[in-house]
Each structure stands twice: as C-alpha cells, then as structure tokens.
Amino acid sequence: MKSFQKHYHMMLFPGIVLLIIFSTIPLFGVLIAFQDFNIGLGIKDSPWIGLENFKYLFQIRDSRVIFYNTIFIAVGKIIAGLIIPVTFAVLLNELKNAMFKRWVQTVVYLPHFISWVILAGVLIEMLSMDGIINGVIEAFGGQKMMFLASNDWFPWIIIGSDTWKDFGFGAIVYLAALAGIDPTLYEAAEIDGASRLQKIGYITLPSIVPTIILLATLSIGNILNAGFDQIFNLYNPLVYPSGDVIDTYVYRVGLVQAQYGFATAVGLLKSVIGFILIIISYRLAYRFASYRIF
C-alpha cells in the first residue's frame, strides 16, 4: 500500500514543483504593493509607503470605473452562462434522433477549444465597418455602426461572445444531470396525459434545480474575473470607459506605464476580495446544495 501511494506522490511531484515556482514563490512580490517600487532599486531598497497605493486607488475615478465594469461584465456572463446552457441542455435532451443530437453537441462544443486570439480576430472582422454584420444592417436599410468603438455595445458584445463560446461546453454538467433523471417519472407523466412542456416544467427542471443552484453559488467566486484574454484582444482606448476591467487595468498601468507598486496593489486587492468571495460561495453551496470539498 505504501509503495502504491509512493507512485501517486511521484506523479504529483512535477505539478507541485510547477505550482511552487509559478504560484508560491511569486507571492513574495506582493510586497511591491506597499512600496514606491523602483525597478532599479529592487524590492529590498525601494522605499516603503505603507497603504498609500491603496488610498490612491480609492481616490481616483478609474477605480470606480474598472470595478463597475468588472462586476457588470462578470455578472452578465454568470447570468447568461446559467440560463443559456440550461435552456440548451433541456432542448437537446428532448431530441429523439441520437445521431443528430451528437452532431449538435460536437458543433456547439468546438468554440470552447478555440483561443480568444483567433476568435477575437474573427469578431473584429465580422463587426468592422465593412464586416458581415454591417453588411446585413445596410442591406435592410440601416446605418453602419462601429460596434467595437461604442461604449453602449461593447459590454454586451463581450457578454454575448463569451456565452456563445462556452455555452455548449457548460451544458455538459446539465446534460449529465438530465441523464440521471428516473425515466419512470416521464412514463408516469405520459400515462397521466402530460404534454412535453408539462414534463419539462414538472419533472426536468425541478430535477436539475440542485445542480443549477450549486453552479450559481460557485460562480460567485468568479465575480471579479471578467475575462482578461477576451477583453484584451477586443478592446481599444475608445471603449475604456465601458470595457476596462481590473485585469486589463493592472496590465496597462503596471506593464505599460511602469507603475508597478500601484498595479500590484490593485491586483492584491482583487485577489483578497476574490478569496473572500470564494469562501462565501462554498459556504452557500454547502448550505443550499450540500456540496463541499473538505
């Protein structure tokens, strides 16, 4: 038994080493958040300024903008990421043709595995002034629009494209939950003369409510993760007021403008709040769905 466990530990060892190198050792860099960091002096000799970076964060208008944008986009993604996959899973579950059902599943899963670098290029081409979307609008007598330069449209494009990319993959959990429903319930409902919609309303949806509640509560921990890779590849200075989120702001202020201490403070604050939200989400998941890891 000991030898068997040793093999498991050996398999874990490379992953643990990578975790220490890329996740544990860099934690010491959070000291920069409490310094007026100078890259020439390094962490050791840069002057300490305490909580000044955090105070400055709450004094500037940018902080309100990026926190609002982050929460708005993240909440929009969470809501759409619950409603659309559930709806799709229920509709797919109603299909009787097994071959067509598998084909649909394969098609909607594929976008999940495509990089945002590629998808962003596709979206930029489609939404450009000469793209297919404006071509259709113009064909119906409308005026062309600069979708990716509009602060009214940009957040919804981010939410919609993210939902389109991941709803098929997100539906896997719900399809698994649907597969576990006792078929005799449907047989009894059919004998009682229930229609297909009544079966969905009284059997299908109530049966997957615990799964929906579980995923909804666990998603609270991601409320400050609006999707850096997606937004970074799609946004531009014109839509900073509606599309700039915490992660893109940290990148721009820290790596582009070289305000390392301030950017680290913003990132640290986000991490602390995210950690608290994760604890809350797991507490809620245990309370409402009897789910726990430990």
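## Cores and pockets of the predicted model

Phe88 is in contact with Val104, Val108, Phe167 and Ala171, leaving aside residues up to four places away in sequence. The structure described here is a predicted model.

Phe88 also belongs to the largest nonpolar core, which has 21 residues. Phe88, Ala89, Val108, Leu175, Leu178 and Ile208 are the members with the most contacts inside this core. At least two core residues come from each of helix H4 (61-93), helix H5 (98-109), helix H8 (154-179), helix H9 (183-191) and helix H10 (196-218).

| Pocket | Volume | Lining residues by class |
|---|---|---|
| Largest pocket | about 660 Å³ | 11 nonpolar, seven polar, three charged |
| Second largest pocket | about 350 Å³ | 10 nonpolar, five polar, no charged |

Lining the largest pocket are 21 residues, and Lys77, Gly81, Asp166, Gly170 and Ser219 lie closest to its centre. H4, H8 and H10 are the elements that each give two or more residues to this lining. H8 provides the largest share, with nine residues.

The second largest pocket has a lining of 15 residues. Nearest its centre are Val250, Ala263, Thr264, Gly267 and Leu268. Helix H13 (246-256) and helix H14 (260-289) each contribute at least two residues to the lining of the second largest pocket, and the largest share, six residues, is from H14.

How values were computed
Residues are numbered from 1 along each chain as its sequence is written. This is a predicted model: local features need pLDDT of at least 70, side-chain atom pairs count only at pLDDT 80 or more; totals for chains, interfaces and linings use all residues. Side-chain values use heavy atoms; hydrogens and water are left out. A nonpolar core is a set of buried Ala, Val, Leu, Ile, Met, Phe, Trp, Tyr and Cys residues joined through side-chain atoms within 4.5 Å. Buried means under 20% relative accessible area, exposed over 50%, partly exposed in between (1.4 Å probe, protein chains only). Helices (H or I, at least four residues) and strands (E, at least two) are DSSP runs, numbered from the N terminus. Contact means heavy atoms within 4.5 Å. On a 1 Å grid over the protein atoms alone, a cavity is a set of points where a 1.4 Å probe fits but cannot get out, and a pocket is an open set with protein on both sides within 12 Å along at least five of seven lines; lining residues have an atom within 4 Å of a point. Grid points are joined across faces, edges and corners, and a volume is the space filled by probe spheres set on the points. Ala, Val, Leu, Ile, Met, Phe, Trp, Tyr, Cys and Pro count as nonpolar, Asp, Glu, Lys and Arg as charged, and the others, Gly among them, as polar.
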